[in-house]
Amino acid sequence: MLDVKNSIDNLAWTTTHHLAHIQNQHPFMRRWAVQFELAYTDFRVIQMALQLDGQHHELLADFSQTYETIHNYEFAFAGDGLEGFNQQYGGELDEYASVVDHFEDLIDQIRDIEP
């Protein structure tokens, strides 16, 4: 598989950091938006590496679906701030945290196949 270690590290840090930011009800910041955009790029890089590798279809599918769910939560915050996030997903913080936990497990699996 392509060497995507930096993308893996950045994506893992960003998803857990963004969850904590929202759980702690911190306001939207420009830096958060930049991290959000960079994380999406890292997601696509890792996704492409898994596709090119061609040996981990189930992991690729789960990784893609799980990140898209995380992206939906983060997109609500990026687009409408804390108030907008809370209106749309405020009652789903436990579910959001559970998705991020699962995503961390997937990241660990990807790290295990990294060159």
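Four salt bridges turn up when the whole structure is searched, a salt bridge being a side-chain nitrogen of Lys or Arg within 4 Å of a carboxyl oxygen of Asp or Glu. This is a predicted model, in which local features need pLDDT of at least 70, side-chain atom pairs count only at pLDDT 80 or more, and totals for chains, interfaces and linings use all residues. Residues are numbered from 1 along each chain as its sequence is written, and side-chain values use heavy atoms, with hydrogens and water left out.

**Stop 1: Arg-111 and its partners**

Select Arg-111 and Asp-9. Their closest N and O atoms are 2.9 Å apart, forming a salt bridge. Arg-111 belongs to helix α4 and Asp-9 to helix α1, so the pair ties together parts that are 102 residues apart in sequence. Helices here are DSSP runs (H or I, at least four residues), numbered from the N terminus. Arg-111 is partly exposed, at 35% relative accessible area, and Asp-9 is partly exposed at 28%. On this scale buried means under 20% relative accessible area, exposed over 50%, and partly exposed in between (1.4 Å probe, protein chains only).

The side chain of Asp-108 meets that of Arg-111 in a salt bridge, 3.5 Å from N to O. These two residues are three apart in helix α4, a separation of about one helical turn. Asp-108 is partly exposed too, with a relative accessible area of 38%. Now include Lys-5: salt bridges that share partners join Lys-5, Asp-9, Asp-108 and Arg-111 into one network.

**Stop 2: Arg-44 and Glu-68**

Select Arg-44 and Glu-68, whose side chains form a salt bridge at 3.9 Å, N to O. This pair links distant parts of the chain, with Arg-44 in helix α2 and Glu-68 in helix α3, 24 residues apart. Arg-44 is partly exposed at 36% relative accessible area, and Glu-68 is partly exposed at 29%.

**Stop 3: the nonpolar core**

Select Leu-11, Ile-46, Phe-63, Phe-85 and Tyr-96. Of the 32 residues in the largest nonpolar core, these touch the most other members. A nonpolar core is a set of buried Ala, Val, Leu, Ile, Met, Phe, Trp, Tyr and Cys residues joined through side-chain atoms within 4.5 Å. Helices α1 (5-23), α2 (30-53), α3 (57-89) and α4 (93-113) each supply at least two residues of this core. The most come from α3, which gives 11.

Finish on Phe-63. Leaving aside residues up to four places away in sequence, Phe-63 touches Leu-11, Phe-43, Ile-46, Gln-47, Leu-50, Phe-103, Leu-106, Ile-107 and Ile-110; contact means heavy atoms within 4.5 Å.
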